[in-house]
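Subject: Structure handover

Hi,

Here is the structure you will be working with. My notes on its side-chain pairings follow below.

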Amino acid sequence: MQPTNFLLIVVLLLAFPAGQAATLVPTQAHSTGKFEFTGTEIGQTHPFAKVHAQVVARNLTGTSMLIERIVPRGTEKVTIGFTPSQVNAGESFVAELDFSLTEEVGRVAHYFDVFVKGQPGPIDGFVVRGFADWLVSPDGLGIDFNTIKLAQPIEKVIPIDVRPGATLHLVGVEKPSAYFDVKIVRNGGALELHSRADAPWSSFDEKLLIRTDNPLQPIVAFRLKGQARGSVVPSSDPLDFGLLREGQAAEMMLVLNDVTGKPLNIGKVVAKSRMKVFTSVNDCVPKNESCKNVKVAYPPMNLLGTTGGTLEIELPSYKQNLVVRFGAIGIGKNTQIRSLEEDFKAAQEESKSISSVLQSSVTKTTEKAKAPATMSTPDGTGPLLKWQVTNEYDIYGYEIYRSVAETGPYSRVNDKILERLDGDPEAGSIYQWRDSSAESGNTYWYYINIVYNKGRKQQFTSPQKIVAK
């Protein structure tokens, strides 16, 4: 008997421990409640897409305010169409925002502060939110080359994984690499990287931006990491000072060796950092003409949080600079340092001390059945897909893929991601989706993908067969 026009997907329990769920972007802006903001949702878009938002802000206070400026909190370039204006109680002002997303995928959020005349700090703030759906999978776009010896060139081919059914080719370099020559190969389906002999002698963590021929995702970002080594090799990069309490000083020794055996000549050493770091160059012990010590001294710590920078070490014999990173984390004098592993172990021991009666009571309380949210049946006569999911923590939505053969090729048939129903994620949801583009009498195969809040995608069902009426 052939299945016809209805497909029921077997229920799948997604048991994600609460501790493993991704941290979501806060659902509320950092608002003081002085204004009510609308127009802040940009919906589904793509990496590097150009975004426009028309934000309307209504004055909820009982006083008139002169709104002077709107400032983005991040470093992105934003064009803000806004005229400073006096906004009376109950009235509104409008801000036109235009900016481009970066390589970020999944839920995205961009924050803005509102300033009034005469006050140094913001009076309120809002956040523009959306979801960046990729055409090129971010998996595989980050490459760690570890150590590259520039005297021994390497090459690597990096293929891109395009969403099934989508068409996209790499066509040109938008932002080049300082460490690799780039060539587009495989008809725009991959990059070929060749290490450059003249690359800087330093560790690197850079973004290589490549243009595409698809306007939905016009740029693909490759993240390249590693250490390019020339003839002079540092003993450590980065030079990690660890935790430094307020008022605590520290010093470390960076050993430099010329691997060719030539006498090592050190010129200027420049430390670039928020902290004023002191350096001095000394001979190694025992003395070796190919070896030098660079002493790096932190003065008494007076900054909290991550501090650090780079050492630019001049090598006159090679007409080259060696760049080495360094850093420390400043903490307060009385800051307590705790072990997460020990805290977790203590929590486990504490839970074991609960009486069996109390454990039973807690279990029964948490096991109360919750009704899942249910999607209404779509109108039409095309094939109807129905599936149920329990425990939807960290899920943004679902994709439906279709093919005329079980082995593919498949294409996504829902134009936008089908967003998760707005119910209790712990209770789950029941979904129904109708394929209105299917042709009567044809046989199709369908499978469903889960899309997570951070943009990761996972196949949810195996291909299922259905004949359209």
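E68 is partly exposed, at 32% relative accessible area. This is a predicted model, so please read every value here as computed. E68 pairs with R69 in a salt bridge, N to O 3.2 Å. R69 is partly exposed too, at 34%. Side chains of opposite charge can pair when their charged atoms come close.

How many salt bridges does the structure hold? The count is 18. Two others, with their accessibilities:

- R196 and D198 form a salt bridge at 3.1 Å, N to O. D198 has a relative accessible area of 55%, so it is exposed, the cut-off being over 50%. R196 is partly exposed, at 24%.
- D283 and K287 also form one, with the closest N and O atoms 3.9 Å apart. That falls within the 4 Å limit for a salt bridge. D283 is partly exposed at 35%. K287 is exposed at 61%.

Salt bridges also link five residues into a network: D133, R163, E399, R412 and K457.

Now the cysteines. The structure holds one disulfide. It joins C284 to C291, with an S to S distance of 1.9 Å. Which hand does this disulfide have? The torsion about the S-S bond is about -70 degrees, so the disulfide is left-handed.

Are its two cysteines buried or exposed? C284 has 8% relative accessibility, which means it counts as buried. C291 is buried as well, at 7%. The cut-off for buried is under 20%.

Best regards

Conventions
Residues are numbered from 1 along each chain as its sequence is written. This is a predicted model: local features need pLDDT of at least 70, side-chain atom pairs count only at pLDDT 80 or more; totals for chains, interfaces and linings use all residues. Side-chain values use heavy atoms; hydrogens and water are left out. A disulfide is a pair of cysteine sulfur atoms within 2.5 Å. Buried means under 20% relative accessible area, exposed over 50%, partly exposed in between (1.4 Å probe, protein chains only). A salt bridge is a side-chain nitrogen of Lys or Arg within 4 Å of a carboxyl oxygen of Asp or Glu.
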